[in-house]
Amino acid sequence: MSLYTANTAANLKRVYAQTLAAAKAFGKSEADMVFGEGPCDASLMLIGEAPGAEETKLLRPFVGRAGKNLSAFLEALDLRRSDIYITNVIKFRPYRISRKGTLSNRPPARDEVSAMLPFLEREIEVIKPRIVVTLGNVPLKCLLGKQAVIGACHARPELATAGAHAFTLFPLYHPASVIYNRALEAVYAQDIEVLKDYLHTR
């Protein structure tokens, strides 16, 4: 491990500790936290919304059903999971409890996003990716502002910053949205091809 990579890993560990401290305000412990995964010097970062049940159980981002979506995504781009750094805006599972006591995923609340965003930005600053791919509206709005909407921004690279680090942001629809809206299937597939071409020319 190079000195740069060792320093990056140590800085990332500090960011994770700070994220956990902030998450405690929402009643979360280390057992609830799903931190990022991948090489500390990755040039490509993938940012989702939040972990689900399977990710929380295994404490790994994008596993289970989300992992299958990720595998298809990476295969289309001729990439391996080990090539990229994967993380979420929210590092714990947002859920609601039904009357029967079962848990189901819900969108992150505004206060959760506001509390976690500074640590996502620090995470990006530490990794220093050249390209950040956002999945869905939540990470897109976090990094480009509330006015950004995935329907208008998808597959359109934008210059963005996190602290002192500048990078290219490439917005995509969340793969789950294709499951619920089959009309997006062709659009999503075309956007993946645009991203593939973009990566090969950079």
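## Basis of the description

Helices here are DSSP runs of H or I with at least four residues, strands are runs of E with at least two, and both are numbered from the N terminus. The structure is a predicted model, in which local features need pLDDT of at least 70 and side-chain atom pairs count only at pLDDT 80 or more, while totals for chains, interfaces and linings use all residues. Residues are numbered from 1 along each chain as its sequence is written, and side-chain values use heavy atoms, with hydrogens and water left out.

## Thr 8 in helix α1

Thr 8 has its place in helix α1. With a relative accessible area of 5%, Thr 8 is buried (buried means under 20% relative accessible area, exposed over 50%, and partly exposed in between, for a 1.4 Å probe and protein chains only). When its neighbours within four places in sequence are left aside, Thr 8 is in contact with Cys 40 and Val 126, where contact means heavy atoms within 4.5 Å.

## Aromatic pairs

Rings of Phe, Tyr and Trp (its six-membered ring) pair if their centres lie within 6.5 Å, and planes under 30 degrees apart count as stacked, over 60 as edge-to-face and the rest as tilted. By this rule the model has 3 aromatic pairs. In one of them, the ring centres of Tyr 16 and Phe 35 are 4.5 Å apart and the planes stand at 20 degrees, so this pair is stacked. Because Tyr 16 lies in helix α1 (residues 3-23) and Phe 35 in the loop between α1 and β1 (44-48), the pair ties together parts that are 19 residues apart in sequence. Tyr 16 is buried at a relative accessible area of 17%, and Phe 35 is likewise buried, at 17%.

Phe 26 and Phe 92 form a tilted pair, with 5.8 Å from centre to centre and 35 degrees between the planes. Phe 26 lies in the loop between α1 and β1, and Phe 92 in the loop between β2 (85-88) and β3 (95-97), so this pair ties together parts that are 66 residues apart in sequence. Phe 26 counts as partly exposed at 26% relative accessibility, whereas Phe 92 counts as buried at 0%.

## Packing of α4 with α5

Helix α4 (residues 110-127) and helix α5 (residues 137-144) pack at an angle of about 75 degrees, with their axes 11 Å apart; axes are lines fitted to C-alpha atoms, for helices over the stretch in contact, and angles run from 0 to 180 degrees between N-to-C directions. That makes α4 roughly perpendicular to α5 (65 to 115 degrees, with under 35 counting as roughly parallel, over 145 as roughly antiparallel and the rest as oblique).

From α4, the contact involves Val 113, Leu 117, Leu 120 and Ile 124, and from α5 it involves Val 138, Cys 142 and Leu 143. By class, the contact of α4 with α5 has 7 nonpolar, no polar and no charged residues, where Ala, Val, Leu, Ile, Met, Phe, Trp, Tyr, Cys and Pro count as nonpolar, Asp, Glu, Lys and Arg as charged, and the others, Gly among them, as polar.
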